[in-house]
Amino acid sequence: MAAREVPALRATGGCLCGAVRYQIRGPLRPVVNCHCGQCRRTHGNVAAYTSVARADLVLTEDRGLKWYRSSEVARRGFCRNCGASLFWERLGEDRVAVAAGGIDPPSGLKTIRHIFVADKGDYYEIADGLETLPAGHDDSTSAVKKI
Ligand SMILES: [Zn+2]
Ligand SMILES: [Zn+2]
């Protein structure tokens with residue numbers, strides 16, 4: 001590989017047990033809370049995700065990382081040792097959603113919106129005044145995208 005400057009480290013993170021650790025070497029999107037049924041099932045509650053370019057996510061420890069094909073179009077990365085939910089990836093896209101809770105504090109991130117609120121759990125209310133979208137949105141454009 002040709003010599004090239006290593007991009008600056010923006011964040012580090014990992015799972016509960018340390019069997020998955022990563023570095024993020026590029027800009028992080030603000031956090032979006034996903035209320036869809038799949039996120040609630042796998043995270044145990046609403047899922048908070050930032051998003052980064054696939055190439056900016058550097059795994060420094062991946063012995064625990066396992067991918068679960070959660071739908072026709074996406075897969076979820078989790079730690080097979082401690083069970084932490086870490087990543088969500090739409091197949092074929094060059095971005096990966098990173099669970100905000102796995103990022104080492106201070107993350108410097110802010111939550112900006114809620115998505116899939118039409119599917120939200122019935123045991124809580126959304127009362128923080130942030131933007132809400134009934135369905136999803138496209139990471140790159142933030143245009144509403146129905147799935
Ligand atoms: Zn783990
Ligand atoms: Zn979701």
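Three strands, in the order β1-β2-β5, make up an open sheet in this predicted model, and their pairing is antiparallel. Strands here are DSSP runs of E with at least two residues, numbered from the N terminus, and two of them count as paired if DSSP finds at least two bridges between them. Strands of a sheet pair through backbone hydrogen bonds, either parallel or antiparallel. In the sheet β1-β2-β5, the edges are taken by β1 (11-14) and β5 (57-61); each has a single partner strand, so one side of each is left without a neighbour in the sheet. On average, neighbouring strands of this sheet are turned by 25° against each other, direction ignored, with axes taken as lines fitted to C-alpha atoms and angles running from 0 to 180 degrees between N-to-C directions. Four bridges link β1 with β2 (residues 21-24) in the antiparallel sense; at one of the paired positions, G14 has R21 of β2 as its bridge partner.

Strand β6 (residues 65-68) runs antiparallel to β7 (residues 74-79), and four bridges join them. The hairpin from β6 to β7 passes through five residues, and W67 finds its bridge partner in G77 of β7. On to the next strand, β7 is joined by five bridges to β8 (residues 85-90), again in an antiparallel run. Here A74 stands opposite R90 in β8. Five residues separate β7 and β8 in their hairpin, where G83 in the turn shows a positive phi of about 85°.

The loops hold some backbone details worth a look. The loop between β10 and β11 contains F116, a residue that is not a glycine but still has a positive phi of about 55°. F116 counts as buried because it has 24 C-beta neighbours inside 10 Å; the cut-offs are 20 or more other C-beta atoms within 10 Å for buried and 12 or fewer for exposed, with partly exposed in between and C-beta atoms placed from the backbone.

G121 also sits between β10 (111-115) and β11 (131-132). With 11 C-beta neighbours inside 10 Å, G121 is classed as exposed. Leaving out residues up to four places away in sequence, G121 touches H35 and R40, contact being defined by C-beta atoms, placed from the backbone, within 7 Å. V46 is 75 residues from G121 in sequence, yet their C-alpha atoms are 8.3 Å apart.

Residues are numbered from 1 along each chain as its sequence is written, while chains are lettered from A and ligands numbered from 1 in the order in which they are written. As the model is predicted, local features need pLDDT of at least 70 and side-chain atom pairs count only at pLDDT 80 or more, whereas totals for chains, interfaces and linings use all residues.

Technical notes. Contact = placed C-beta atoms within 7 Å.
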